[in-house]
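Biologist: Before we look at any feature in detail, could you take me through how the charged side chains and the strands should be read here?

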Amino acid sequence: MQRKIVAARNLVIGLLALGLSGCAAVVVGGAAATVNVAHDRRTAGTVVEDQEIQWRAMGMRRDDRELAQKSNVNIEVFNLQVLLTGQAENMEIVEAFAQRVATIPRVRNVFNEVSVGAQSTFSESTADAWLTSRVKTSLFGLGIEGFDPTRVTVTSSQGSVFLMGLLTPTEADAVVERVRFVSGVKRVVKLFEYLDE
C-alpha cells in the first residue's frame, strides 16, 4: 500500500513539472490553442502555423542524432519566430540546427539562445519550470487596463527569462519591470513585437 502511495505521489510531481515547463501544451494540444485564441493577438491562422512550425522543428531535433546526444535544445514558437534555449556541448551543432529550422516555411526569425555547457539536470529543469510559473503568475494584476498576461510567452533557462508577445511599448515596459524583480531571475531578454499604443 505504501509503495502505491509513493508511486502516485511521484507521478503527480512529474506531471506538475511537465505542466509547469510548458510540456502540457503538447499533451493538451489543440484544446489549449482553441481557448487561447480568444485572448491572443495573433490571428487564428498564425497560431496554427506556429504549432506546425514547432512540430516540424521538434521533428528535426528528434531526427538529429548528434544534436540529441550532445544537447538539450528547447523550442518555443511565437508569431512565426522561433526561440531556441538550453545547453549544448558545442555551438556548431546548434547553429547547424538553427539554420535548418530557419528553412521551415513561414519562419521569420530564429533566436539562438542556446549556451555551451553541460546539459541541465532534472533539478535545474524543474527550477526553470518553477521560475517560469512564478514569472507568469507575477504578471497578473499589472495595473494596465485591458492587459492580458496570457499574451506574454515566458521561457526560462538557467535563470534567464525570455519574453515573447505582441504588446504595446507601455505593456512591454511594465512586464519587464515586473519580471526583473521576480526571485530567481538573473537576466530578462525581450523578444517582443510592438503594437501601436
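This is a predicted model: local features need pLDDT of at least 70, side-chain atom pairs count only at pLDDT 80 or more; totals for chains, interfaces and linings use all residues.

Modeller: A salt bridge is counted when a side-chain nitrogen of Lys or Arg lies within 4 Å of a carboxyl oxygen of Asp or Glu. Residues are numbered from 1 along each chain as its sequence is written, and side-chain values use heavy atoms, with hydrogens and water left out.

Biologist: What is the mean pLDDT of the protein chain?

Modeller: The mean is 86, and 81% of the residues reach 70 or more; over residues 1-35, however, the pLDDT is below 50, and beyond near neighbours in sequence this stretch has 15 contacts (heavy atoms within 4.5 Å) in the model.

Biologist: How many salt bridges does a search of the whole structure find, and which residue meets Glu171 in one?

Modeller: The search finds 11, and the side chain of Glu171 meets that of Arg41 at 2.8 Å, N to O. The pair links distant parts of the chain, 130 residues apart, with Glu171 in helix α8 (residues 169-180) and Arg41 in the loop between α3 (30-37) and α4 (44-63); helices (H or I, at least four residues) and strands (E, at least two) are DSSP runs, numbered from the N terminus.

Biologist: Is Glu171 buried or exposed?

Modeller: Buried means under 20% relative accessible area, exposed over 50%, and partly exposed in between (1.4 Å probe, protein chains only). Glu171 counts as buried because its relative accessibility is 4%, whereas Arg41, at 30%, counts as partly exposed.

Biologist: Where do Glu52 and Arg56 lie?

Modeller: An α-helix has 3.6 residues a turn, so residues three or four places apart point the same way. Glu52 and Arg56 both lie in helix α4, 4 residues apart, and their side chains meet in a salt bridge of 3.1 Å, N to O.

Biologist: Turning to the strands, which residues of β5 are buried on each side?

Modeller: In a regular strand the side chains alternate between the two faces of the sheet. In β5, Thr153, Thr155 and Ser157 are buried on one side, and Val154 and Ser156 on the other; 5 of the 5 residues of this strand (residues 153-157) are buried, so β5 is largely enclosed by the rest of the structure.

Biologist: How many bridges join β5 to β6?

Modeller: Two strands pair if DSSP finds at least two bridges between them. Here 5 bridges join β5 to β6 (residues 160-164), and the strands run antiparallel, with Ser160 in β6 as the bridge partner of Ser157.

Terms used. pLDDT is the predictor's confidence in each residue, from 0 to 100.
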